[in-house]
Amino acid sequence: MAINWTEAQIEEVIHAVIKNLNGGTPTAKSGWDGAQYNGRSYIGVYTDMNDAIDAATAGYKAVRAMSLEEREKVISAIRDLCRKEAPIMASLGVNETKMGRVEHKIAKHVLVADKTPGTSDIVAQVKTGDYGLTLTEMAPFGVVGSITPSTNPSETVICNSIGMIAAGNGVVFNPHPNAIATSNYAVDLVNRACAQAGGPRVLVASVVKPTLDTAQIMYKHPNIRLLVCTGGPGVVKSVLSSGKKAIGAGAGNPPVIVDDTADIRKAAKDIIDGCSFDNNLPCIAEKEVFAFKNIADELISGMLANGAYKITAEQAEKLANIVLVDTKNPKTGIVKKTVSRDCVGRDASVLLEKIGVRVGAEVRCIICETKFDHPFVQHELMMPILPIVRVNDIDEAIDLAVKAEHGCRHTAHMHSKNIDHLTRFARAVETTIFVKNAPSYAGIGFGGEGHTTFTIAGPTGEGLTSARSFTRYRRCVMSDNFRII
Ligand code: COA
C-alpha cells in the first residue's frame, strides 16, 4: 500500500474530486464547516439530534429491507468512494484538527476501505442433535449511537458505518467537537455512496454541532439500542455509565520491549515507522521503549539513522513542561498533568521548535533516554516523542512495561527472537493487541494479517471491532426435525 504521496499529487487528486463533486472551484482549505462543503450541504447532517435519530431510524428500516446482496453493493460503493476521496478527508482532517500527516491519513482511509469486514463477517451457527436443529444468528441491534474521536475522525466514521451497516443496523454519529467538518464529510460520503448504489438518500446521520448535550440525547433516546464510543477516557466513561449496552474503545499507553535476540536494525526502523505514523495518533502506536542495556546504543543509533532526533535529559525536561500541562478538575479541584491539546499529533519539527531546536521535515520522531518514572513514559502523549528506558534483563523489562501500560490492556509490542520472552510478555501484559517484530500498525492489518478497525474495544472486550461486534445473538429452534443424518 503506497503511503508516499507528494503534496502535489494530493492537491491534484483533491482538485479532481472536488470538481467532480461540485462542478465548482475547490477551496479545500476554507470552504467547509460542520454542515456543508464548498457550498454543498452535507447529506444526513441535522441541526437537531432528535431529527438525526429519526433519519437513522428510517435508515435502519431501509437496511432491514435490503437483501444481503444489496447491502454489500452499498458497502462496496462506500469502499470505492472512500479510496477516491481519501486525499480530501486526509487534508480536511489535518486542517481542521491540526493533528497528523496527510500522507498517512490517506493510507489509513485506504486501509479502512480495503480491510474493514463487510457482510461476510456475519455468520450463523447451527447445532443439530436428537431434538432437532437450533440456529443462532447475528441480528442487528437497531439504531447504533456512535461517538467518534478527533484523532482518526473520518476513518472511524467510515469504518463504523461499514461494520454497522453490514450487521444490518442504522447509525447516528456524535463526532468529536474538534473534528466536525471532517467527520460529517464522511457521513455525507456514506450517504452519497448509498444513493449511488440504489439505496436511500440518507442511511447514516449526524449533527451540525455535536456536544456532550447532543450525546446525552443520544444516550437517552429509546430508539438507540447500542452505544459505541471511540475516544478519550472522559467520553468513554460517560458512555459506559449510560445504562445502555455499550462498546467502549479508550486509552492505551503501548510499551515496546527490545531484547538482545532481536534484529536490532529492523527493530529500530520498525519502532520509528510505527511511532511516527500519523504523528503517533493511532492508539496502538509505540509510546515508550524498554531496551536491554547491552543493545540500547545500537538500537538508538539505528533509530537516528531512520529519522529520529535525540534530545538531552535537560531538553526532555523542558519539552515535558510544554507538552504536559496542569489541569484542574472543576468538580474535585484536583490538579493533574494532561497532554497539551496544542501538541497532540504535531510534527516532530514543530515540537522541537518549541524548545528552540530547528530541524527539517526528515526528522520524524524525537527520542530521549529517561528513567521509568519520567512523564514521557507515564503519560499517553499521542505525539512523536519516544522515551527509551534501559533495562538489565527480561524480568525488569516485563515488570516495567506492564506497569507503564497502566492496566489499559490495549496494545503492546516486542522485538525478540526468544519465544519464551515473547510468550512471557504477552501473558503478563494481557493486551488486546500484541505485535511481535513489526511496526505497531501491523496490529490493525497494515502490513499485517487480519482485518482493520479504529475502534479497539479493550474495556468492554470486543477487541478489534467488526460487523459481528454490532450484533445480538438470536436463537431459532426447530423441534425434532432437520437433522438429516
Ligand atoms: N462528542 C461529544 N463530546 C465529546 C466527544 C464526542 N464524540 N469526544 C470527546 N468529547 C468531549 C469530552 O468528553 C470532553 O468533555 P469534557 O471537557 O467535558 O470532559 C471534551 O469533548 C474534550 O474531549 P477530549 O477528547 O477528552 O479532549 P481534547 O480534545 O483536549 O483531547 C485527545 C484530545 C486527542 C487527547 C483526546 O481526544 C484523546 O485522548 N483521544 C484518544 C482517542 C482515541 O482514538 N481513542 C480510542 C483508541 S481505540
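How exposed is arginine 472? Arginine 472 is partly exposed, with a relative accessible area of 38%, where buried means under 20%, exposed over 50% and partly exposed in between (1.4 Å probe, protein chains only). The model is predicted, so local features need pLDDT of at least 70 and side-chain atom pairs count only at pLDDT 80 or more, while totals for chains, interfaces and linings use all residues. Residues are numbered from 1 along each chain as its sequence is written, and side-chain values use heavy atoms, with hydrogens and water left out.

**Surface charge**
- Arginine 472 belongs to strand S22, residues 471-479 (strands are DSSP runs of E, at least two residues, and helices are runs of H or I, at least four, numbered from the N terminus).
- On the surface, a patch of positive charge gathers Arg64, Arg225, Arg472 and Arg474 (patch residues have over 30% relative accessible area and no salt bridge, with like charges joined within 9 Å).

**Helix H6**
- Helix H6, residues 153-166, has 14 residues and reaches 20 Å from its first C-alpha to its last, close to the 20 Å expected at 1.5 Å a residue (1.5 Å times one less than the number of residues).
- Because 14 of the 14 residues of H6 are buried, this helix is largely enclosed by the rest of the structure.
- Glycine 168, which follows H6, has a positive phi near 95°.

**Helix H4**
- Helix H4, residues 86-97, has twelve residues and reaches 16 Å between its first and last C-alpha, close to the 16 Å expected.
- H4 is mostly covered, with eleven of its twelve residues buried, among them Pro87, Met89, Leu92 and Glu96.
- Lysine 98 follows H4 and has a positive phi, near 65°.

Note on methods. Patch = residues over 30% accessible without salt bridge, like charges linked within 9 Å, V, L, I, M, F, W, Y side chains within 5 Å. Areas by Shrake-Rupley, 256 points an atom, 1.4 Å probe, with all protein chains shown as cover. Salt bridge = Lys/Arg side-chain N within 4 Å of Asp/Glu carboxyl O. Lys, Arg positive; Asp, Glu negative; His and termini not counted. Charge placed at Lys NZ, Arg CZ, Asp CG, Glu CD.
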